[in-house]
Structures are given as structure tokens and as C-alpha cells.
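Q: I would like to learn how to read the aromatic contacts in a protein model. Could you take me through them?

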Amino acid sequence: MNRKREKESTISPSNSQSSSSSESSSSNSFSYCSLLRYSNKVDRLLLGLGIFLSISQGCCSSLNAILFRDLTDVLISGQGSYTNQTFDHQQFNNETLNIIHTYFLYGTLLFSLSFVSMCCWHTFCERQIFKIRVAYFSALLRQDWEWFDQNDSGAAIVRMNDGLERVRDGLGDKLGVIIAYLTHFFCGLSLAFYLSVEMTIVTLIITPAFILPIIISRKMISKVTFKELEAYESAATAAGEVISGIKTVVSFNGEQKEINRYSKFLSKAMYWGLWRASLSSFEGLLGHSSCVFQWQFHSGWWGTRLVLKGSITPGTTLAVFWAVNGAIYFVGQAIPHLTSVSSCYSAAVPVFQIIDRTVILDGTSDKGLKLSKVKGKVKFENVWFKYPARQKVNVLKGISLHANPGENIALVGHSGSGKSTTAALMMHFYELNGGKISIDDTNIDELNLSHLRNIVGIVSQEPLLFADTVENNMRLGAPDLDDNEMEYYCKLANAHDFIEQLPNGYKTAIGNGGVELSGGQRQRIAIARTLARKPSILILDEATSALDSESESLVQIALENAAEGRTTITIAHRLGTIRNCNRIYVFDDGKIVEVGSHQELMEKDGHYAKMVQSQEIEVGNRQESTMEEYSFESRRESCDSKSSRQKFSKKTARSCSLTSEKLLSDISPLPIGEENEQPSTFLEILRYTKPEWGLLAISILISVLRGFNYPIYSILYGRMFRILSTGTDEEKSSNSGMNAIYLTALGIYALIVTMAAGCLIGYVGERLTKRLRILLFTNILRQDGEYFDVPEHAPGRLITRLSTDAPNIRAAIDQRLADVIQGFSAVFCGIAIAFWFSPTMALMGLVNVGVLISLQGFITHVLKKRGEKDSERSEEPSRLAIEAVEQHRTVQYLTREQSFVKKFADGMHPIHIRNLQRGILQSISYALSTSYTSFSFAIGYRFGLLLVDHDLANPFTVFQVIESLNSSSPSLLALGSYIPEFVRAQISAGLLFQMLRYEPKIDSNTGKKTTLDSDISLKNVYFGYQVSGRKMILKDFTLKIESGKTTAIVGASGCGKSTTIQLLERFYDPIAGRIDFGSTNLRDLNLKHLRSQVALVEQEPTLFNYSIRKNIAYGLESIKEGEVIQAAKIAHAHEFITSLPEGYDTIVGEGGSKLSGGQKQRIAIARAIVRNPKILLLDEAMSALDVESERLVQEALEKAKEGRTCVVIAHRLTTIRGALLILIVFGSASF
């Protein structure tokens, strides 16, 4: 079906409404079964076996009540005989031994069921998460540009990390635990009714009072969790945007503004996190201790009456209570896991909304026609278009154009007139609002998208490279490219020479986004990559805008050669590059206002002629022509033989080599990344909670007091044993009533301490998470340029650390910590009670507890060691995924979506295997926790039987000691769920604290705040980037910049021009030499003070996802509206801003994605002008401007330069005629 007709039938005119409706529908149709869609036969077998074994485990664990009934009947009878001095040792031994042996076999069965079932769940879950993660990443790369225009890529990335980890929590072992516990609940209640209907009804009579609040709180937790996730996604998006544009942030002193913005999102997340912690505590309370004590109150009192009537045995009283108590207890234990399942559902919905979203323009689809032979005929017919995110603005208004096979046509016009939009539509990145585009008379709606994007090659205005080697970046364009072909295309694009000079040639890693290369070098690699695709139709969208005059001339010849036999569409502001085009289409406000050849349009004396005249193509400028001719001819000559310039450069390099070698020998290797990180200790984590130490101490104290619940209960429980075993009926009735009162008081006590401990420690955990995120974010923003150059500190990795490590550390201080403290408190208190009644028996109990803790400790150690390696290995796939999503446009027009998905899946596979292995260890830990009580009973009562045989104890003492320990030690079950979280917290803390300890080599907070002298000098400066092996970019570089004057720096791409600007901003320090502002060394100045008086406009400006107004005023604390508007007018931006529906309140999108390149550049210029700086740094500030805007902005900058020190880097030599000094840089030597 035609994709356009398909879209018209499925998408309403209002995209926002459609999107909202679609998401709502998707949410409503999503069910838990949707999580299983990627399961195969093996997965379904694992799931089925896991469910069956969990049910079997639940059934088996509920049978403990019967064994306990038989045991207590024997013990109570024995105690009665022992008191009456009619005790029969032989009979007691025989009856007790049978039950003890049964307990041992029962424990073995329970361990086996628990272990195998958890292995199934862990394996099933890990296999599903691996598939969902890959599917989600694949779905992200499939999304069309419309989706990315309306959604934050940062939030999408968070879902792939934090979101899917929440899905993991609710899909694996926790789900198995819930099934086992719920099965125990139903089986336990059934068994209780079987043992005594009356007793069970009395025990359950107060159940509704607890169940209803649990249901209500469950729904509230689901809503709160969703809002918490939303806030964290917003925080991650903001952090990602800031880290990716870090140099812009620090150059405009925007660090505090961004920290405040990040903190605002985190505060909102913390608010909802506190709600979640409070509700979880309330839920756990209702399902746990308070209920247990109230049930014991009813069952103990009523059970005694039934025993006195002769309706049931004493053992049945206790058995029914434990059957019901066990059922309710396990429901209470299931509640925290239900929270995870609920969070899993909330986290899974947005993930599967993206996976399930119908993508009309799916570049990975096999649908559509594939042309057998492409001639290259292009035709636009009455095309109308408006961006989905800006429905009120028509960007193209009925344009029509055509290009015959082999023709070269050009699109010219002011920035924002629709030229680049036309190119995007040609690649079918958006659907048209009207009209038709065809290739070889075939509507592109009918063509296969991947085929279309392979036959149409594009070199964009802002080329994007990936954090990989040069050769791998080239092979993204053509995977089958061999070395000889690669060199050929790089030579064609004038890139081979500089690539060969890189430390490892074509195998050199170029950093995130190609950060190790200059703008011109990146552009040339992008051109070579596109040429290697051998497209039938070539789109050059300002393809040479970032090149110097020499490179541009050479690359222009290369592009002209590459265009032979191809249809070429050239978008250009430099009109000299399109004079020979067959036709030139002149755009203005979304319309084509003129068409014709260069000569024809000049004769018309219309829009085009005025543009040409303003650029002085016809009149020319002798000075510039001479310079450019010389550059072009000399550079051409250098391709065939050794030019005098090259010879001089080599001589200069040789003369500097000894000095460079000496410098390098003196430079000690600098640490890169967090290679030496060590897992943190709990005490170190506690140090970061210092502001909450008071609250933490109170919560720990209350958790300790909470631990007294079960030991006190064991005493009351033992008292009940004695009531049933000895005394008259009246005494039994009276004492059971008093016991019920004590249990009621204990229930109220449990209510207070459980809620208090949970809420307080939840508050501390949330505050810690927020504090660590802000501290890490702040420390990242303090770092110098060198820090961000290394691969270990690529934006993707840093964002991952922010998004995952802090929440992982919170797991060490949350409700689970309160449960663990309570557990240890309960055990120590239980041991004390045990020693009070029988020191000998207590020693055996200590052995049991010691074995459990030792085994858990060993497993913890193994899990920790494995977790450290897993954390390191997961960084590279995470970085790859983040980079691919952030650069989705490049991935899609290179049609490499599946290539990145495969690379990501291959990177995650070893981690996937290790996670499967880790699941086995976690299963052992879980099986130990479920079977511990049975083995403890078997061992404890066997030892107790020996003591009774030797008259060292009586049945009651054995019962009391074992119950004191066993009613307390199950509290350590929380340790089983806490250990994996604590291990993960230690690993994350080690990584995060190492990053927090990383001190910047350039401290922006220290130094003098003196009056800035704008007389600048660079003296004998040597500099090379650390990641490039300190290969010298600047060698013995000396430059004098006079105050109040303009100095221009020109030269070939990669010669060190932009590096000089970065040294002046002090993103880096020279290796040798010095930079002075007046008589003050740059190293002695306070950087924030310096940067407040310096304004930078970069070649590829970074804008943030704020309004236009806030972007212009970025970094300024207070500014008047009139100043913003005046700066915009000077930058020739006011007119296009006011033409937008929201004017200055228009949100520019991530990285300014909703604006054209020229519009972004003008806003960046306005941002510099509004600061009224003493020093103005212009690094190719007008490279993206059209002719008319350039002329107007040039005039504005000339005015802005008056009285200011200006350093200008330019390839367009017309822009630097007025400079006092023009410095020509050749291969790091200046003239």
C-alpha cells in the first residue's frame, strides 16, 4: 500500500493529538503478556517449568504446618509428662526422630525446588531482557524524524538502561517468588481449613481490614512510580544535552544554571520517590508483623478454648495459626516484589509503546519498489510541507523543480528558506503535506526507503562521525570497502594526507563525534564516506562550508569529478561554487522565486543578482582572488609534487622535533578513565549521607527496636506453649487471655516502628540519590577539555553513570536496609533469649545462623567480583547505543540501522552470558533462604533431643530456644534480596566515588579576579592533545593580539586554528610556553571571571532545549528583554524569530534541531553580542549563513568589534579584510 495513503488513514491532522491518542491506546492495550512476545520454545519451557516449580515450592512450603503440628503435639505431650514426672524417653525419642528425619527430607526437597525454579526464572528473565533491549534499540533507530522532533532522545536512552532494569526486576526471580508465595497463601489457607474450619475462620476474621488498604496503596504506588520515572527521564535528557555541549556551557559560565535545572528535575523525582517509599512501608506493615500479632491474638485465645473443649489438639492450634500466619506472612513478603512488578509494568509501557509504534517511514522495512537501473531524474511537483512539531508554519509552499539525469542543479536562498528541508524530503525523512516527489518518474512514496537512501547520497552542513576509527567510519558508508578503495575516496575528498599523519593512520580513533579532528577534517571524511557509497543522486548541503579555501578548491574539483554521470543537487551559500550548475533555484520564504542558469539569473537582475553582488562574485575582490588563486594553484601543485610550502613545513617540523621529543619525555602519562576503580565500602557510602546522619541514626535505632518484635513474640509464643502443656483449665483460659492482650500491645508497637523506620530510611535514600547525582554532575561540569576527550568520558558513558550508579547506590540505603538491620537485631535478641533459657542449645542455634550468614557472605563476595567486571564490560555497548540514538539522522541516511543493532547485540552478548551464570549463584542464595528453617529445625531438634536424653533440657526449653532463634532468623531472609542490591551498590559506588575524586587539572573556581587586560600574547606555545599521543598541533607558536584590534588566523583545516581559540578559553593548558592577558599569565586568572568577559561563536554552535530568548541570554543572571531583542537584531535574527508562532518563546529542540543551520548560527552570534564582551572569539562564526545574512551580520560584527579585542578564524577571506593582523598557519608554524 502507498505509504502516504496509509498515513492519511491512520494519522489525524493534529500530530500531538494523534500521538497522545496512540500512546493512550497503546497503554490500554498493553498487558503483562506483552512482555513475553519475544519468547521461543526454550523460553516458554523455562517459563512453564519455572511456574510449575514455583507452585510446587509454594505447595511444599505450606506443608510445614502439618509437620509442625505433629512435632508440637509430641513436644507438648512430652512437656506435660516431664512436668508430671511420667516422661518416657524411649517413646519421646521414637516419635521425635521420625519427625526430625522427615524435616530433613522436606528441607532437601524445598531447597531443590527453590533452586531449580529460580534458575529457570533467572534464565528466562535474562533471555527476555536481552531480546527486549535489542528490540527497543532497534525500534529507536527505526523511528522517523517526526518522532525524534517531538521526543527527547535522552529520555529514550534512560528507558533502555534504568527502565529495562526495572522491567528485569518484575519479570524474573521476583515474579517466581510472587507465584511461590501466593501458592503458599492458598495452600496454607486450604490446609488450615482442613485442620480446623472454626479455628481458621476466627483467625481470618480481621483479614479484610488489612487487604483493602493494600489494594489501594498498590494502585497509588503504580502511579507514583510512573511520575518518578518521568522526572528522572527529564533529568537524564537535560544532563545529556549539557554534557554533549559542555564547551558551550563552560564558555558562557552556564554551569550553575544547568546544575539548578538538573537539580529541579531531581527534586521532583525525589518528591515522588518519598511517596513511593512511604507507601511501600505502609504496605509492608499491613502484610507483615502487625497482622501476625493480631492473628496470634485471635488464634491463641480462641484456640485455647477449642483445646479445652477437646475439639482440637494443642498442636493443631499452633499448626492452624502457622498455616494462616505463613500464608499471610508470605503475602507480606510478596508485597515488596509486587512493587517491583508494578514498577516493571510502568517502565515497560513506554518501552513497548516505542517498539509497537507504527513507523510509516521505516528505513529497515523491505516494503517498496527497488529501481533496477537508476537514471537520476528528480522531480518535485507542487510540494507543500510543514514540520510536525510546528504545524502552524509552512516551510515549503508549493515548490516545483526538476533535475534531469546527470544534471547539476543548485538551491540558494536565505537561511531558513527551505533548502535543507528540500534535501530532507528528497531522502524521505518526512511525509509531504501536499504534492509529489519522484525519481525516474516513480513516486518516492512507492520506493523502498533503504533503497532510496542508498541511491541518494548526502553530505550535510554539520557532518557527524562516530567514536570509532577513521576506517570504521568510512565503512559505515560502504561496508565492503577495501583499503585501496578507501584510500581512493579519501584522496578524492582531500582527506588522505591528514589521515596518514594521524598517530595510527586510518586506524586512529577519532573520539566522540570526531572530536579529535577539526571541522574541516570531519567534513572531508564525511564527503569521502558519501562518495564511497557511489550514489546515483548526490545532495551537497553546504558540503564545503567547514573547509578552508585550499581544501575547498581541491574538494570542489573532487566533487565535480564525483558528480560526473550523477544527478547533483547543491545547496550553497558560497555562490561561486555553483556558477556552472545547469539550473539555479532561488528560495525565499518557502517559495521558489527564480529559476535559471547563473547567466540568465544575472540578466534578470532579481534576487539572485543581488545575492551575487553582495558576495562580490561579479565585481570580485583582487586581494581575495589573488589569495584564493594562489592557495588553489599551490595546493593543486602540492598534489603532484613537493610544494615549497610543504618543504618549509617539513623543515619547520624537523627544527621543532628535538624540542617536541624533549617535551614529551618530560610529560608523565595522564590517567584516563576509571581503570583503577575499586568497589566502595558501606562506610564510604555512609559518609555521603552526613547531612542526614541524625535521621539515619534515628531510623537505624527504630529498625533495631523493630527487630525486637519477633524475639518478644517468641517469648509470648513460648508462654502459649506452656499454657497448653500445663495447668488447670481455668489457668489456661486466664493465661491465654493475658497473652492476647500482650500480643495486641506488640502489634501496636510494630505498627509505629515499622512505619517510622521505613519512612525515615526512605527519605535518607532519596536524599542520598539526589545528592550523589548532583555532586557527580557538578564534578563533571568542573572538568577541563582533556577529561572529555578520552573515550571513557564520552557523553554516553557519563550519562549512563549518572542514570544508573546513583540509583544503584540508593539500594544500599532504603527499605531493604531497614529490613536487614531489623533482621540482625532480631537475631541478636533471639540469641540472647536463647542463651537465657539454655546456653548449650543456643550455641547450636548460633552455628546454624553462622552457617547461613557465611554461605550468604561467600555468595556475596563472588557476585561482587563478577559484578565489577560486568559493569566495565557494559560501558562500551551503552556508549554505542547512546551515540547511535543521538546521531540517528546520520545512522538513517547511511542506512546502517541494522549494523548498529548487530554491533550493540554483539557487545551485550558476553554480558548476557555472564548474567545467566550469575543467576545460578543468586538461585543458590534464594534456595538457602527458603530451606533454612527446615534444616534448622531438623538439626536443632536433633541436638535438643540429645540434651533431653541426658536430662540437660526439657521439651519446653528445646522448643523455646529453637523458636526464639527461628522466629528471629527468618528476618534475615531480607538479607537474601538485599545482597544482590548491595553488591550492585558497592560496584556503582566504586565507579561514582572514583569519578567524584577526579580533580580537574584546570580549576575554574580559583585565580585572580582582576580587571581583564585584552592585550593577549602567546609565547613559544607547544600543544598536543593527550588522546592523540601528544602529537604537537602547535610547535613554538608565538602570537601577539593587540587590545581593541582584530586578529585573523587562517590556514588549512587541522593546522591548529580552533585549538588556539580553545587555549584562549583555557579548555586546555599548553604543554610548554605561556599565554598572557596583559602582564597576567592565563593560569593565574579566575576562569569564570575571564569567561564572563569573553564571548565565543563556534563553527558548529550548540543550542539547548530552551526557548530562543533563554538561549540568547544563556549564562547571564539578569538581562532585559530589550537587550535580547537588540542583540537578535544585530545578528539579523529578529525577523525570522518574530515570524515564528511563539516568537522568542519558541523552543529550539535538542541541539537546536527545530531550526536551520543558519538560524542556529545567528542565535549563537546574538548570544555572544548580548554579553557585551571585551574579547570576541569568532571560530568560523558565519560559515552557515546565507549571503545576505552574512553581509548584514558582517556589518553588525564590524560594529560589535569596535573597541573590542577580536580573534577571528575564517575560511571566507572576505570576512577578515579589516583585520589588523592576518596570521597564516601552515602545519603548526605561523607566518
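Q: What describes a pair of aromatic rings?

A: A pair of aromatic rings is described by how far apart the centres lie and by the angle between the planes. In this predicted model, the count comes to 31 aromatic pairs. One of them joins Tyr82 and Phe87, with 5.6 Å from centre to centre and 70 degrees between the planes; the pair is edge-to-face because that angle is over 60 degrees.

Q: Where in the chain do the partners Tyr1025 and Tyr1068 lie?

A: Tyr1025 and Tyr1068 form an edge-to-face pair, 5.2 Å centre to centre with 85 degrees between the planes. The pair links distant parts of the chain, 43 residues apart: Tyr1025 lies in the loop between strand 11 (1016-1024) and strand 12 (1032-1041), while Tyr1068 lies in the loop between helix 38 (1057-1064) and strand 14 (1072-1077). Both Tyr1025 and Tyr1068 are buried.

Q: Which residues form one aromatic cluster?

A: One aromatic cluster is made up of Phe68, Tyr103, Tyr106, Phe937 and Tyr941.

Q: Which ring does the charged end of Arg722 sit over, and which face does Lys257 lie over?

A: Arg722 places its charged end over the ring of Phe956, 4.5 Å from the centre of that ring, and Lys257 lies over the face of Tyr1106, at 4.8 Å from the ring centre.

Notes
Residues are numbered from 1 along each chain as its sequence is written. This is a predicted model: local features need pLDDT of at least 70, side-chain atom pairs count only at pLDDT 80 or more; totals for chains, interfaces and linings use all residues. Side-chain values use heavy atoms; hydrogens and water are left out. Rings of Phe, Tyr and Trp (its six-membered ring) pair if their centres lie within 6.5 Å; planes under 30 degrees apart count as stacked, over 60 as edge-to-face and the rest as tilted. Helices (H or I, at least four residues) and strands (E, at least two) are DSSP runs, numbered from the N terminus. Buried means under 20% relative accessible area, exposed over 50%, partly exposed in between (1.4 Å probe, protein chains only). A charge sits over a ring if NZ of Lys or CZ of Arg is within 6 Å of the ring centre and within 35 degrees of the ring normal.
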